[in-house]
Amino acid sequence: MEVQDELSAHQQALAQLGVDCRIEISARSRAVAISVAPGGLVTVRVPEQISPQNLVEIVQRRMRWLARSVADQTLLTPDHPVKQMVGGESYAVFGHNHRLLPVEWSKHPVVVRGRQLEVVQATPDTMAATLIHWYQARGQDWLGRQAPQLAHRLGVPLPKINVGDLRAQWGRCHAGELIQFHWALFQLPVRLIELVLAHELVHLIEAGHGKGFQRLLTRLIPDHMERSQALAEAGSRTWMGDVVPPK
Ligand SMILES: [Zn+2]
């Protein structure tokens with residue numbers, strides 16, 4: 001088979017798995033090597049003489065790892081927006097877009113009115129800090145309602161939970177007694193927040209991401225691989241608190 005034909009046959013085969021990647025055919029390599037670059041670009045190095053079916057089987061066995069790596073790498077080198085904190089700008093709350101409306105005065109620093117997000121007018125930095133604080137509180141409320149049921153289903157005691165700025169991580173688990181979440185997570189749809197919550201709760205039992213971890217996560221979130229892909233995509237475009245610097 002010509003290299004070009006071989007490339008496109010491999011590409012098509014992997015597209016059926018939902019894997020969007022760059023394929024390199026290598027005369028020197030003996031095994032299929034998959035790498036995920038910062039930003040989430042997947043490269044699959046394929047030895048010569050491997051059939052597309054065979055390639056699909058090999059990649060399929062590594063799908064869990066792949067979905068997770070894409071999620072991690074996309075978050076590490078993402079395309080996060082920088083906000084201006086001006087009227088009309090879009091801000092997501094649990095997956096729903098709202099328009100920012102700076103207001104002169106209000107009893108509460110942030111008020112949701114329909115699809116509008118009213119924030120007391122101030123400098124961009126101050127408004128951003130106000131919003132971040134508000135997301136943090138919304139997240140803490142949501143976790144307070146949702147975490148007990150999931151922890152119960154796993155059979156683990158409810159750990160301490162807090163929300164803050166975890167930089168490049170959506171969630172973190174500290175030696176079985178504290179789990180933390182990024183405030184920015186609460187811009188995303190609930191099904192993605194649930195995934196991160198379940199992931200950290202499972203870490204209370206399993207430290208790594210091995211078979212035991214996957215089994216427990218699948219029990220809580222049967223479609224976690226699909227959600228993990230969606231988290232990689234949505235997460236890379238999520239606002240992480242950056243605002244345009246003052247002129
Ligand atoms: Zn983990």
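Reply: Met 85 counts as buried because it has 21 C-beta neighbours inside 10 Å. Here a residue is buried if 20 or more other C-beta atoms, placed from the backbone, lie within 10 Å of its own, exposed if 12 or fewer, and partly exposed in between. The model is predicted, so local features are given only at pLDDT of at least 70 and side-chain atom pairs only at pLDDT 80 or more, while totals for chains, interfaces and linings use all residues. Residues are numbered from 1 along each chain as its sequence is written.

Met 85 sits in the loop between α3 (63-76) and β4. Its phi is near 60 degrees, a positive value in a residue other than glycine. Arg 167 also has a positive phi without being a glycine, at about 55 degrees, and lies in the loop between β8 (160-164) and β9 (171-174). Arg 167 is exposed, with 9 other C-beta atoms within 10 Å.

Strands are taken as paired if DSSP finds at least two bridges between them.

Within the sheet, β5 (residues 96-103) and β7 (residues 116-120) pair in the parallel sense over five bridges, and Leu 100 stands opposite Leu 117 in β7. By contrast, β6 and β7 run antiparallel and are joined by four bridges; Val 110 stands opposite Val 119 in β7. These two strands form a hairpin with two residues between them, and Gly 114 in the turn has a positive phi of about 60 degrees.

Axes are lines fitted to C-alpha atoms, for helices over the stretch in contact, and angles run from 0 to 180 degrees between N-to-C directions.

α4 also packs with helix α5 (residues 190-203), at an angle of about 45 degrees and with the axes 10 Å apart. That makes α4 oblique to α5; angles under 35 degrees count as roughly parallel, over 145 as roughly antiparallel, 65 to 115 as roughly perpendicular, and the rest as oblique. In this contact, Leu 143, Gln 146, Ala 147, Leu 150, Ala 151 and Leu 154 of α4 meet Leu 197, Ala 198, Leu 201 and Val 202 of α5, where contact means C-beta atoms, placed from the backbone, within 7 Å. By class, the α4 contact with α5 has nine nonpolar, one polar and no charged residues. Ala, Val, Leu, Ile, Met, Phe, Trp, Tyr, Cys and Pro count as nonpolar, Asp, Glu, Lys and Arg as charged, and the others, Gly among them, as polar.

For the whole protein chain, there are seven helices and 10 strands. Of its 247 residues, 27% count as buried.

Notes. Contact = placed C-beta atoms within 7 Å.
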